[in-house]
Amino acid sequence: MHKSPSRGAGLGPSIPAILLFLCASVGPVGAQLVPASTTALGMGGNHAAVARGLAALGVNPANLGLSDNPGWSLAIPVLGGMQGLEPITLGDLLSADGDLLPDEKKDAWLEEIRRAGGQTGLGRAELTGLAISVGPVAFQVHGQAFMEASLSPFASELILFRDSWATRPLPTDLDLAGSRADGSGVTTFALGAGFPVAEDLFGLGDERLALGASLTYSMGNGVFLARDPQGLVDAGSPLALLAFPILQTDEEDYQFNGGSGVGLDLGVGWQAGPWGVSASLANVFNTFDWDLDALAYYPGEVVVGSGGVSLDYEKRPAQQAPQVLLDELDGLRFKPRMTIGTRWDATETVTLAADVQHRFGEGLPLGPPTRAGVGLDLQVIPQLSLQTGLTYVTDGVRAGMGAALTLGPFNLGGAYQLQRGSVGDSQLAALGISFNTR
């Protein structure tokens, strides 16, 4: 059996190109805006009532109005990355040369995928390009790229070799088995402020209540959706039709902004001596939407008949994509997210914190919808503090640890987080430099 030439072969990048494209687009999805602080990650994300200065904007802008908020703070790029893709890792994909990846390398990857039974897992890259606060006002620019995959070996081969499908032997296993791949890249700009509204509210001394709000503007830098909407339609007939359609950002006419929208976050913060409480609602409204005119659709239709096998990956307007893909794209919007946190400064060197967070509905930000956990920040010596945290997430658990070296206003921080469970196994690391905050 031979393959007839595919229509539109070469129009559309491979998985490595997609990941490189998404990650480069945002500057290296979690929340659309995360604290520009490695301390937050080290505490397992349980930082809502602890965050101050520039770190407050990602969890609760009201914290900017509390009495111990610094006069100013600044962070230069804070880098983070999550690795949970197997057997081809995020590092493999990001070190690849996109469309120039040789077929020999793709074949080696495909063999690894076949031995593993498929390509699965998730990966994420993050960069806070700038975060700054002056008094009760803060500004942050944050980018994220996210890829999640559950691909059979055949689905992986279709994407990896869709530009050279006509030259390859027919796979013995044509099973798509519910394969899917999701990728998105978003850059968010945020401006927020927090202001005190009451002091000595309950007569507890050193007490303050603050309210805060922040406006966000998000740009969709790239998106990649691939689905098996039907699998093998008729395996017993002389003609078998399979489909693995793809809806993605159109690289041939790419304008960096594949969608946009504005949003509003609100928060309230309270502190009294060693105690603190934080409550916030992100995306009270958010108008973000993807622009279909900036996307392209590739049918991915495989026809197996007596005359051979043909593959159709000819580019078409995004509006012609199957409804299942259009519905999935429509779901990639920012959904409301509630966070409640507490803190207790047990001593001058020990801070305990606890958080509960829930996202209302599927969509952005990607990841588990619910988490709840506890965190610890321990100042070992004036120049060194250590963090740790344990967090339950929907269908899994996360454990974090971190350290921060502080010399005057200068702070160098690093953190590591491990996730386990049916939600997926992954590792997340971050490194950042900041001033007047951790």
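A search of the whole structure, which is a predicted model, finds 4 aromatic pairs, where rings of Phe, Tyr and Trp (its six-membered ring) pair if their centres lie within 6.5 Å, and where planes under 30 degrees apart count as stacked, over 60 as edge-to-face and the rest as tilted. One of these pairs joins Phe 288 and Trp 290, whose ring centres are 5.2 Å apart and whose planes stand at 85 degrees, so the pair is edge-to-face. Phe 288 is buried, with a relative accessible area of 1%, and Trp 290 also counts as buried, at 6% relative accessibility; here buried means under 20% relative accessible area, exposed over 50%, and partly exposed in between, with a 1.4 Å probe and protein chains only. Ring pairs link Phe 288 and Trp 290 with Phe 334 into a cluster.

Phe 410 and Phe 435 form another edge-to-face pair, at 5.8 Å centre to centre with 65 degrees between the planes. This pair links distant parts of the chain, as Phe 410 lies in strand 20 (residues 410-421) and Phe 435 in strand 21 (residues 426-435), 25 residues apart; helices (H or I, at least four residues) and strands (E, at least two) are DSSP runs, numbered from the N terminus. Phe 410 is partly exposed, with a relative accessible area of 29%, and Phe 435 is partly exposed at 24%.

Residues are numbered from 1 along each chain as its sequence is written, and side-chain values use heavy atoms, with hydrogens and water left out. Because the model is predicted, local features need pLDDT of at least 70 and side-chain atom pairs count only at pLDDT 80 or more, whereas totals for chains, interfaces and linings use all residues.

The structure holds 13 salt bridges, each being a side-chain nitrogen of Lys or Arg within 4 Å of a carboxyl oxygen of Asp or Glu. Side chains of opposite charge can pair when their charged atoms come close.

| Residues in the salt bridge | N to O distance |
|---|---|
| Asp 182 and Arg 180 | 3.1 Å |
| Arg 180 and Glu 328 | 3.8 Å |
| Arg 333 and Asp 330 | 2.5 Å |

Arg 180 lies in strand 4 and Glu 328 in helix 6 (residues 323-331), so their pair ties together parts that are 148 residues apart in sequence. Salt bridges that share partners join Arg 180, Asp 182, Arg 227 and Glu 328 into one network. In the bridge between Arg 333 and Asp 330, Arg 333 is partly exposed with a relative accessible area of 27%, and Asp 330 counts as partly exposed at 41% relative accessibility.

On the surface, a nonpolar patch with about 780 Å² of accessible area together is formed by Phe 189, Tyr 217, Val 262, Leu 266, Leu 281, Val 284, Phe 285, Met 338, Ile 340 and Phe 360. Patches are made of residues with over 30% relative accessible area and no salt bridge, with like charges joined within 9 Å and nonpolar side chains (Val, Leu, Ile, Met, Phe, Trp, Tyr) within 5 Å, and accessible areas come from the Shrake-Rupley method with a 1.4 Å probe, only the protein chains shown counting as cover for residues. Strand 8 (259-272), strand 9 (275-286) and strand 15 (337-345) each supply at least two residues of the patch, and strand 9 gives the most, with 3 residues. Met 338, found in strand 15, counts as partly exposed at 35% relative accessibility.

Strand 9 also holds Asn 283, a residue other than glycine whose phi has a positive value, near 60 degrees, and which counts as buried at 1% relative accessibility. Phi of Asp 200 is likewise positive, near 50 degrees; Asp 200 is placed in the loop between strand 4 (180-199) and strand 5 (207-227) and is partly exposed, with a relative accessible area of 47%. The peptide bond from Glu 86 to Pro 87 is cis, with omega near 0 degrees, and Pro 87 lies in the loop between strand 1 (72-83) and helix 3 (90-95).

The mean pLDDT of the chain is 83, and 85% of its residues reach 70 or more, pLDDT being the predictor's confidence in each residue, from 0 to 100. Over residues 1-31 pLDDT stays under 50, and the model has 118 contacts beyond four places in sequence for them, a contact meaning heavy atoms within 4.5 Å. Over residues 231-236 pLDDT stays under 50 as well, with 8 such contacts in the model.
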